[in-house]
Amino acid sequence: MDEQIVNRLHEAVRRTAELTSGRVASGRGHDEADDSVGTIGTDDACGFDPFPLLRSLHRAGARAVVIGQVAGILHGSNELTGDLDLLWSGDPAQAGPLVAALSAVGGSLSDDDGAPIALEPGAFLCPKVQFSSPGASGDCCTPALPWGTLTVADYLDRALTATDRDGSEIHYLRREDLISMRRAVGRPKDLRRAAELEAL
């Protein structure tokens with residue numbers, strides 16, 4: 001079962017590479033994505049491959065849970081994406097492993113305005129920080145970020161785990177939690193993807 005789950009993401013990476021081959025850069029990153037099209041329409045989709053970072057998180061012992069459309073793909077969504085969004089507990093003891101994981105793949109951090117932030121444990125104590133790495137960029141969030149009525153700390157506790165071919169573990173949201181998160185955000189792409197997940 002794990003092989004089937006993770007192969008969905010491997011196939012999505014392959015399809016994304018085909019779709020974006022030869023695409024002219026627009027200058028738009030994942031944080032400037034269209035609310036309907038999503039990040040597949042941004043430059044971050046070019047060369048998108050979350051596996052190096054996901055493997056690095058596993059090796060560093062960083063407990064980060066995949067949310068967003070990568071989690072949707074693991075559940076069987078057919079829509080492609082160009083970013084990797086992560087949720088972690090905010091426990092300061094986990095900040096060091098996150099730094100180690102990103103450092104190992106040549107990653108960097110920035111704030112919501114795109115200003116660079118030093119890649120150090122203290123940076124991860126913000127409710128949200130943006131990260132960039134050669135294969136995947138996105139948001140790294142904690143339960144301290146305003147999530148409306150959602151109790152996302154509970155989502156972390158009941159997250160699922162799938163094992164890749166090399167033994168790396170990928171933690172990701174349960175389908176029902178991902179749907180509730182989609183419906184709470186409520187953008188056109190979120191509502192469309194929530195409906196897709198509900199039909200699976």
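In the predicted model, the axes of helix 2 (residues 51–60) and helix 4 (residues 92–104) come within 8 Å and cross at roughly 140°, the axes being lines fitted to C-alpha atoms over the stretch in contact, with angles from 0 to 180 degrees between N-to-C directions. Helix 2 and helix 4 are therefore oblique to each other, since angles under 35 degrees count as roughly parallel, over 145 as roughly antiparallel, 65 to 115 as roughly perpendicular and the rest as oblique. The contact (heavy atoms within 4.5 Å) involves Leu53, Ser56, Leu57 and Ala60 of helix 2 and, from helix 4, Pro97, Leu98, Ala100, Ala101, Leu102 and Ala104.

Helix 2 also meets helix 1 (residues 2–20), the two axes coming within 12 Å and crossing at roughly 145°. Here Val6, Leu9, His10 and Val13 of helix 1 contact Phe51, Leu54 and Arg55 of helix 2.

A search of the whole structure finds 1 aromatic pair, where rings of Phe, Tyr and Trp (its six-membered ring) pair if their centres lie within 6.5 Å, with planes under 30 degrees apart counted as stacked, over 60 as edge-to-face and the rest as tilted. The ring centres of Trp88 and Phe124 are 6.3 Å apart and the planes lie at 85°, so the pair is edge-to-face.

Residues are numbered from 1 along each chain as its sequence is written, and side-chain values use heavy atoms, with hydrogens and water left out. Local features need pLDDT of at least 70 and side-chain atom pairs count only at pLDDT 80 or more, whereas totals for chains, interfaces and linings use all residues.

Technical notes: Helix = DSSP H or I, 4+ residues; strand = E, 2+ residues; numbered from the N terminus.
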